[in-house]
Amino acid sequence: ILVLLLGSGDTRGPPGFKYGIVLDAGSSHTAMFVYKWPADKENDTGVVSEHTMCDVEGPGISSYSSNPLAAGTSLEHCLNQALRDVPKEKHTGTPLYLGATAGMRLLNIADPQASDAVLRAAAATLKMYPFDFRGAKILSGEEEGVFGWVTTNYLLENFIKRGWLGEWIQPQKKTLGAMDFGGASTQITFETMDTIENPRNEVMLKLYGQAYKVYTHSFLCYGRDQVLKRLLSKFLQAESYQETVSHPCWPMGYNKSLLMSSIYDSPCTLKERPSLALNTTVTLVGTGNGNLCALHVSKLFDFTNCSFSHCSFDGVFQPKVSGNFIAFSAFFYTVDFIQTVMGRPVHLPSDLKDAAETICATSWSKLLLKAPKLEKRLPDYCAVSTFVYLLTTKGYSFNNHSFPNIAFQKKGKPDSSSEDAMSLQAQLPPQAHLLSTGTPSCGDVQGLSLPRRRHFWFLKLKHCSKNLGSSQNSGWVFSSKKLSCS
Ligand SMILES: O=c1[nH]cnc2c1ncn2[C@@H]1O[C@H](COP(=O)(O)OP(=O)(O)O)[C@@H](O)[C@H]1O
Ligand SMILES: [Ca+2]
């Protein structure tokens, strides 16, 4: 989305279109998005009218730790496409940005030198192109959560919309909470009236003159792939790291041999890492035991320690969930599988629980008959559905009353039948600026990557002398006024 870039820098360019490129470097995969919007000379507003995208071949950039240069080259195919998607005369004026998320946060913990090398290699490749390269950085969990929330609500026109006469109106709508379940982390972000007892979870936003108090938390190691790794590690530990170990979440009839190192290559399994050689293999045998599976999945969370009036888990403060939510990425993939492959509706928490139990009890051969095309991810739906059930109910405390307020959606707009939420008639107010109140810096436009197909660009002001609102928090601020810088 949408592209607060409009208020940046060269506002007096020739009429026509402006372009922007964002690389969303997720833990499992990188995607490139090219945006295009009419450059309105008069008031600097525009409609995002078209974009193209490109899926980078191969895994996420964090997987290239032992060969960082290959992380850079992996991006070339898509960047070459961008050279064709953006008219040649616009290349140098087109901002290009790469934002990496939890996969790179983990690599940065495990091996900071390797993560720097990967980012440097990616940046070196991006710099070879004629575009206006603005940086490659790792987003914090809070940034990832808040930008997911901002983007979702922006797309829904909850902040501001264009009226019949082309005027900007504030629709006074309630905002939607955002839940993202990626490969390496999961984020929950929502507006709340309650006290946020831990300031680290509080972000004050001022969007188009309106103040929002937003709760956000990103749980590292609670993304889908890391959860599956942590489960494997739990099963190995439960059977004292024998050569053959049962896997109660895998279907009966499904076995697989894995290299130990593939389980213990992550900071998320470091605590349980055995001292024995990691270059040996272990064979896991599916036993399709839903109850035992749920028991082990629940052990991934710490529901006991909490120094606040209420915690979600792992001692993390969370106010009561309120309002409607949108749940995307692997939340959507999981619920979509339950609905389309298993043919079961998901309205209440018990639907999710029953579906998980049914999946867990279905043999490998029966699952394969149901969804032969999904073979790669099929063995893990029992564990992942069980995890999503426990995360949303015991973790986030959704109940029969609040769970139906969650829309499981692939993209940002719940009732949109359009092929892509990015092609919405999303419009920007004149000279909208998104500012950081943390370390204000000026004139430096950054973009950022959000859940797949959702992007947000923001403007950071350097050396701003102005008070950026009343909030003392280091949050992100939108301003509809143009701020001057020293
Ligand atoms: O079509 C799908 N069905 C089921 N799972 C998927 C599908 N596409 C991606 N996934 C998995 O969902 C998880 C989250 O994907 P996402 O793209 O949000 O992660 P990332 O942003 O961390 O790379 C990953 O484990 C990924 O492998
Ligand atoms: Ca992501």
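Which residue in β15 does A178 stand opposite? A178 stands opposite I326. The report below places this pair in its surroundings.

**The model and its numbering**

This is a predicted model, in which local features need pLDDT of at least 70 and side-chain atom pairs count only at pLDDT 80 or more, while totals for chains, interfaces and linings use all residues. Residues are numbered from 1 along each chain as its sequence is written, and chains are lettered from A and ligands numbered from 1 in the order in which they are written.

**The chain as a whole**

The chain has 12 helices and 20 strands. Both are DSSP runs numbered from the N terminus: helices are H or I with at least four residues, strands are E with at least two. Of the 486 residues, 48% count as buried. A residue is buried if 20 or more other C-beta atoms lie within 10 Å of its own, exposed if 12 or fewer, and partly exposed in between, with C-beta atoms placed from the backbone. Two residues are in contact if their C-beta atoms, placed in that way, lie within 7 Å. Among contacts between residues at least 6 apart in sequence, 74% join residues at least 24 apart.

**Strand pairs**

Two strands pair if DSSP finds at least two bridges between them.

| Strands | Sense | Bridges |
|---|---|---|
| β8 and β15 | parallel | 5 bridges |
| β15 and β16 | parallel | 3 bridges |
| β9 and β11 | antiparallel | 7 bridges |
| β10 and β11 | antiparallel | 6 bridges |

In β16, I406 is the bridge partner of F325.

Strand β11 covers residues 210-220 and pairs with β9; here E191 stands opposite V214. Strand β10, residues 202-207, also pairs with β11, and L207 stands opposite Q210. β10 and β11 form a hairpin with 2 residues between them, and Y208 in the turn has a positive phi of about 50°. In a regular strand the side chains alternate between the two faces of the sheet.

**Annotated residues**

For "binding site", an unreviewed UniProt entry lists G183, A184, S185, T186 and Q187. UniProt positions are given in the numbering used here, feature names are shortened, and annotations may be inferred rather than shown by experiment.

G183 lies in the loop between β8 (177-181) and β9 (185-191). G183 counts as buried because it has 24 C-beta neighbours inside 10 Å. Leaving aside neighbours within four places in sequence, the contacts of G183 include G26, S27 and G103. S185 lies in strand β9 and is buried, with 25 other C-beta atoms within 10 Å. With the neighbours within four places again left aside, S185 is in contact with residues including A102, G141 and S218.

The "active site" annotation, from an unreviewed UniProt entry, covers E144. E144 is found in helix α5, residues 141-155. E144 is buried because 27 other C-beta atoms lie within 10 Å. Not counting residues up to four places away in sequence, E144 touches T101, L139, Q187 and S218.

A residue is near a molecule if its C-beta atom, placed from the backbone, lies within 6 Å of it. Of the 18 residues around ligand 1, G26, G182, G183, S329 and Y333 come nearest. Helices α6 (224-238) and α9 (330-340) each supply at least two residues of this shell. At least three residues come from each of domain 1 (4-139 + 422-479) and domain 2 (177-413); these bounds come from an automatic or database domain assignment.

By class, the shell has 3 nonpolar, 11 polar and 4 charged residues. Ala, Val, Leu, Ile, Met, Phe, Trp, Tyr, Cys and Pro count as nonpolar, Asp, Glu, Lys and Arg as charged, and the others, Gly among them, as polar.

**Two loop residues with positive phi**

Which value is phi of C221 near? Phi of C221 is near 75°, a positive value in a residue other than glycine. C221 lies in the loop between β11 and α6 and is buried, with 22 other C-beta atoms within 10 Å.

D314, also not a glycine, has a positive phi near 55°. D314 lies in the loop between α8 (290-298) and β15. With 17 C-beta neighbours inside 10 Å, D314 counts as partly exposed.
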